[in-house]
Amino acid sequence: MESPEDFCSIEDDGDARKAAACTSSTSSGSPGESASRLFGRQGTVHRCMGGGKAADLILWKRRTASFGVIVVATVAWLLFERSGLSFLSICSDVLLILIILLFLRANYNAIRDRQVQTLPELVLSEEMVNNAAASFRVKINNVLHMAHDITLGKDFRLFFKVVVCMWLLSVIGSYFSFFTLAYIGTIISITVPALYSKYEEPVDSFSNE
């Protein structure tokens with residue numbers, strides 16, 4: 001005859017097996033669920049894009065800022081493409097106007113005995129510079145490693161991808177200028193992810209057909 005302690009241990013083992021079975025079924029279902037999503041991503045679009053302010057901007061969580069990016073990009077594209085001026089000329093003119101306005105404003109406030117509003121100091125911290133340098137170092141090393149493998153003929157697929165990408169860029173560059181391509185890329189990056197986030201389920205179901 002089994003004691004109460006043995007009966008309790010049997011029940012505990014049964015509960016543990018049930019929990020393990022539920023966990024295994026859940027974990028086995030998650031890869032299928034992630035595979036049914038576009039590009040096999042896991043988590044929401046906002047989370048995959050970092051979940052920060054940049055993701056909020058791209059996914060139109062901050063509508064005013066997102067619309068402002070489109071307006072600024074459109075105005076900049078019109079200035080660079082329709083004005084006929086070079087990039088250096090436009091940047092110099094904008095900085096010149098800005099410096100003159102700030103100088104006149106400061107002197108006007110001094111003449112009227114008004115307190116001049118202090119501008120925030122723009123200082124690059126050592127930590128920020130080190131982080132940026134470390135990030136660029138990793139990316140540059142990756143590019144150099146890819147170039148090394150291509151030149152030695154170690155990776156034919158990588159060589160073929162690079163050749164195709166360069167050829168496509170050459171063809172596209174013959175029809176569009178650099179500023180037009182930058183403008184198109186900006187508009188696509190600020191609209192396509194937001195549209196996909198809004199119509200995520202129909203797009204995922206259509207991509208799996």
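## Exercises on a predicted helical model

Aspartate 149 counts as buried, at 14% relative accessibility. The coordinates used in these exercises are those of a predicted model.

**Exercise 1.** Determine in which helix aspartate 149 is found, and which residues it contacts beyond its neighbours within four places in sequence.

*Solution.* Begin with the secondary structure: aspartate 149 is found in helix H6, which covers residues 126-151. Next, set aside the neighbours within four places in sequence; aspartate 149 is then in contact with Lys154 and Asp155. Finally, consider the burial: the relative accessibility of 14% falls in the buried class because that class is defined as under 20%.

**Exercise 2.** Classify the aromatic pair formed by tryptophan 77 and tyrosine 183, and locate both residues in the chain.

*Solution.* A pair of aromatic rings is described by the distance of the centres and the angle of the planes. The structure holds five aromatic pairs. In the pair of tryptophan 77 and tyrosine 183, the ring centres are 5.2 Å apart and the planes stand at 15°, so the pair is stacked. As for location, tryptophan 77 belongs to helix H4 (residues 63-82) and tyrosine 183 to helix H8 (residues 178-198), and the two are 106 residues apart. The pair thus links distant parts of the chain.

**Exercise 3.** Describe the pair of phenylalanine 80 and phenylalanine 179, and state whether each residue is buried or partly exposed.

*Solution.* The geometry comes first: 4.6 Å centre to centre and 10° between the planes, a stacked pair. Phenylalanine 80 lies in helix H4 and phenylalanine 179 in helix H8, 99 residues apart, and this pair also links distant parts of the chain. Phenylalanine 80 has 18% relative accessibility and counts as buried, whereas phenylalanine 179, with a relative accessible area of 25%, is partly exposed. Together with Phe178, the residues Phe80 and Phe179 form one aromatic cluster.

Notes. Residues are numbered from 1 along each chain as its sequence is written. This is a predicted model: local features need pLDDT of at least 70, side-chain atom pairs count only at pLDDT 80 or more; totals for chains, interfaces and linings use all residues. Side-chain values use heavy atoms; hydrogens and water are left out. Rings of Phe, Tyr and Trp (its six-membered ring) pair if their centres lie within 6.5 Å; planes under 30 degrees apart count as stacked, over 60 as edge-to-face and the rest as tilted. Buried means under 20% relative accessible area, exposed over 50%, partly exposed in between (1.4 Å probe, protein chains only). Contact means heavy atoms within 4.5 Å.
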